[in-house]
Amino acid sequence: MAVTFARLKLRVLGNGLRGQTWRIVLFVVGLVIGLWFAGIGFLLFTLSGVRSQPELAVLVPAFGGGMIVLGWLLVPLVWSGVDETLDPARFALLPLSRPTVLVGLFTAALIGVPAVTTLVATAGLVVGAGRHGGLPAAATEAVAIVLGLLLCVAASRAMTSAFSSLLRARRTRDTAAVALAMLAALLGPLQIAVFAAAQRAGLDRLVRAAELLGWTPFGAPYLIGFDVAAGRYAAALGRLAITAGTIAVLLWWWARTLESAMLGVAAAGAAPDRRRTTRSPVAQLLGRLPRTRSGALVAREVRYWWRDARRRASLITVGVLSVVIPFSGNLGALLTPDEVRTPPPPFGLLMGAMMTVGSLAAVSLANQFGFDGTAYAAHLIAGVKGRTELAARAIAYSVYILPLLVVASIVAAVLAGGPEHLPAMLGGVLAVYGAGLAVNLAVSVVAAYALPETSNPFAVNTGAGLAKSLLAMGALLGALAAAAPIVVLALVLDGVWSALLLPVGVVYGGGAVWLGITVVGELLDRRAPEVLAAVTPRR
Amino acid sequence: MTTQAALALRGLVKRFDAKVAVAGIDLDVPAGSFFGLLGPNGAGKTTTLSMAVGLLRPDAGRAFVLGQDVWADPVEAKRRLGVLPDGVRLFDRLGGAELLAYTGLLRGMDPAVVDQRAVELLDVLALSGAGRTLVVDYSAGMRKKIGLACALLHAPRLLVLDEPFEAVDPVSAALIREILQRYVVGGGTVIFSSHVMEVVERLCTHVAIMAEGSIRAAGTLDEVRGARDLEDVFVETVGGRTATGEELSWL
């Protein structure tokens with residue numbers, strides 16, 4: 001049965017590529033990038049086999065493996081989404097037992113570039129274990145990395161599935177949003193904190209941390225082969241139990257949320273809100289906004305950024321990341337108590353962090369028409385002008401993001417050593433954010449793509465996870481490139497003169513947005529039917 | 001160019017990859033007519049109507065709404081046009097009243113007029129009881145009705161409705177029929193697609209039958225059906241098969 005699911009997934013993948021040249025190109029690019037990273041990972045993991053440095057046999061599997069598990073846990077949630085080619089809801093009516101569906105969907109989830117990449121990279125550990133313990137250790141480790149992959153995939157599925165059902169239900173969605181925000185907040189600083197701590201802490205301390213990690217699901221699977229190599233058979237069995245137990249628990253959890261996902265279609269729909277209101281329709285929509293086209297567009301967009309689970313998830317992760325990034329450079333220092341008072345991070349580093357923030361903040365708009373899907377037809381029917389449309393979208397999104405950017409700038413200024421740095425930080429971030437808006441508006445019109453019409457806010461179509469990542473990456477770099485003059489200026493100006501960045505940045509950012517809206521707006525006027533076709537899911 | 005036609009299609013063609021969905025359609029919908037576009041599933045009805053209202057760019061051909069070229073002068077054409085698309089989501093995370101206000105303001109209408117008409121439409125379509133319920137939580141029939149209200153709000157001279165009676169219960173269907181009939185009596189023109197013969201026979205002054213991307217028959221209702229039943233004419237024109245009783249004996 002599992003084979004049938006696997007074949008089904010491959011067939012759907014194949015059919016998705018058929019006759020779509022750009023998708024094939026994208027798929028191949030993704031495969032190449034994946035294999036490139038897999039190769040680097042493989043080499044790094046073989047370091048575990050260096051005989052002259054025995055501590056690497058603990059450090060590499062524990063920390064490397066832990067990073068991979070953590071990546072599988074968080075990256076789909078905050079960045080790429082999950083490939084829901086086989087939507088669980090489609091199996092609801094078939095006479096299949098729950099374990100069958102579970103095993104089948106799990107098998108299908110194992111098929112994909114990320115899984116292959118992970119397996120190839122961790123295969124470096126097989127070589128490493130083999131160097132230490134010969135064939136038996138290598139064979140054990142080979143099984144162990146497969147178990148590790150199962151654990152990773154189970155973790156990512158359980159995580160996204162649980163979050164999507166939480167974000168769906170009105171009762172729990174706000175709690176889920178906060179939890180998601182905190183997870184997103186973990187991603188950046190954790191990595192940097194680990195690196196920073198690794199630089200400062202002594203080797204023996206690191207080894208102790210790695211040993212501890214080896215007894216958690218994050219490191220356990222990858223150390224099994226090395227236990228066998230060292231003759232610690234009891235430890236190997238213990239870690240095997242941890243791994244298997246974790247997989248079992250994750251699958252059980254996934255099965256529970258899967259049940260609700262399968263019923264999702266039929267059970268959707270909240271209790272209707274029948275409260276009458278005496279306010280007129282226009283007043284209900286607009287509140288105090290101007291009673292014009294733009295007012296209506298802004299009002300609807302502002303509501304949608306919060307009411308649409310997909311947009312909300314995107315808004316929250318980007319929002320939190322933008323406040324957290326300036327912190328993360330400094331966090332490693334805070335975590336090492338034996339160090340005396342560390343000097344504040346250099347101004348340039350923080351400025352760079354803030355520019356990244358500004359660029360990242362605009363990325364949520366890269367597929368803004370995809371969020372609307374076919375509903376965008378209403379704008380075509382009403383003949384909304386491209387400029388009006390884009391201006392309203394930029395304004396509505398900025399209603400949420402600008403306050404966050406101000407907070408981020410204050411954080412960065414404090415970290416840099418005082419309020420006198422605030423104007424520069426604010427100017428820099430606004431300039432890049434403006435340039436980012438312009439770039440992402442263009443991306444959203446030129447490279448819109450359809451999102452599946454499921455209730456899972458993390459679901460993307462086959463291959464679209466990659467498209468999404470590549471587009472976002474391109475938009476990110478494009479924004480920084482578009483703001484290059486400000487970046488240069490930020491590096492040149494210092495001291496009192498750095499305050500000049502505020503007016504210059506505001507004007508530059510504002511100018512970029514205006515230019516973007518004008519140019520892209522005209523493009524949208526010509527391309528609107530094509531945008532609609534691009535965001536219409538193929539059925 | 002016939003000036004009386006409310007909607008005129010000239011040589012519309014649409015291909016999806018290798019498949020020809022619409023193979024060169026010419027059609028005139030006379031002003032003041034109640035026009036039914038009939039066809040089996042996959043005949044190209046939705047594709048044709050989407051091209052006629054400016055949602056889908058045709059590979060060839062032109063469409064005119066009351067003499068205005070939809071693809072050359074979209075703003076002017078869309079002002080006189082009300083559309084209820086099928087298989088298209090609404091901005092369904094707004095309430096019904098909010099959605100109407102949104103649609104009206106997008107069309108640049110006076111807010112006071114929007115308020116007055118929206119309240120009236122909600123009342124007539126029996127949607128005011130839903131209060132502030134989001135459209136996403138509406139039933140299928142309610143969604144059709146709010147979609148129709150959005151299409152009617154700016155008092156267009158031509159209504160293009162794609163499957164307006166699909167998934168609608170008899171009570172709502174009767175209501176929609178009555179509203180549309182009154183609209184045509186008042187001088188408006190309606191073209192709608194359907195594959196329900198009874199509705200078409202009861203409402204329409206004109207019909208066209210589509211199959212495999214081209215018009216097979218068009219004219220007034222009496223011209224097309226002659227002395228026969230519309231359903232017989234339809235099945236014959238489209239070339240459907242009838243069951244002989246031999247197959248599916250295992251059922």
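**Confidence and chain A**

The predicted model has an ipTM of 0.92 and a pTM of 0.81. In chain B the average pLDDT is 90, and 96% of the residues reach at least 70.

Chain A consists of 539 residues, of which 49% are buried. Its secondary structure comprises 20 helices and 2 strands. Taking contacts in chain A between residues at least 6 apart in sequence, 83% of them join residues at least 24 apart.

**Where the chains meet**

Chain B is assigned two domains: domain 1 covers 1-80 + 157-169 + 186-240, and domain 2 covers 89-155. Taken over C-alpha atoms, the centres of domain 1 of chain B and domain 2 of chain B are 26 Å apart. Their contact takes 5 residues from domain 1 of chain B and 5 residues from domain 2 of chain B. On the domain 1 side of this contact there are 4 nonpolar residues, no polar residues and 1 charged residue.

**A sheet in chain B**

Chain B holds an open sheet of 6 strands with mixed pairing, in the order β6-β7-β8-β3-β9-β10. Strands β6 (81-84) and β10 (214-220) of chain B stand at the edges; each has a single partner strand, so one side of each lacks a neighbour in the sheet. With direction ignored, neighbouring strands of the sheet are turned by 15° against each other on average.

In general, strands of a sheet pair through backbone hydrogen bonds, and the pairing is either parallel or antiparallel.

| Strand pair (chain B) | Sense | Bridges | Bridge partners |
|---|---|---|---|
| β7 and β8 | parallel | 5 bridges | B:L161 and B:F192 |
| β3 and β8 | parallel | 5 bridges | B:F34 and B:V190 |
| β3 and β9 | parallel | 4 bridges | B:F35 and B:H206 |

By residue number, β7 of chain B spans 158-162, while β3 of chain B spans 34-38 and β9 of chain B spans 206-211.

Helix α9 (residues 230-238) of chain B packs on the sheet and touches β3, β9 and β10 of chain B. The direction of helix α9 makes about 30° with that of β9(B).

**Strand β8 of chain B**

Is strand β8 of chain B enclosed by the rest of the structure or open? Strand β8 (residues 189-194) has 6 of its 6 residues buried, so it is largely enclosed by the rest of the structure.

Side chains in a regular strand alternate between the two faces of the sheet. In β8(B), the residues B:T189, B:I191 and B:S193 point one way. The residues B:V190, B:F192 and B:S194 point the other way, and both sets are buried.

How values were computed:
Residues are numbered from 1 along each chain as its sequence is written. Chains are lettered from A and ligands numbered from 1 in the order in which they are written. This is a predicted model: local features need pLDDT of at least 70, side-chain atom pairs count only at pLDDT 80 or more; totals for chains, interfaces and linings use all residues. Domain bounds come from an automatic or database domain assignment. Two residues are in contact if their C-beta atoms, placed from the backbone, lie within 7 Å. Ala, Val, Leu, Ile, Met, Phe, Trp, Tyr, Cys and Pro count as nonpolar, Asp, Glu, Lys and Arg as charged, and the others, Gly among them, as polar. pLDDT is the predictor's confidence in each residue, from 0 to 100. A residue is buried if 20 or more other C-beta atoms lie within 10 Å of its own, exposed if 12 or fewer, and partly exposed in between; C-beta atoms are placed from the backbone. Two strands pair if DSSP finds at least two bridges between them. Axes are lines fitted to C-alpha atoms, for helices over the stretch in contact, and angles run from 0 to 180 degrees between N-to-C directions.
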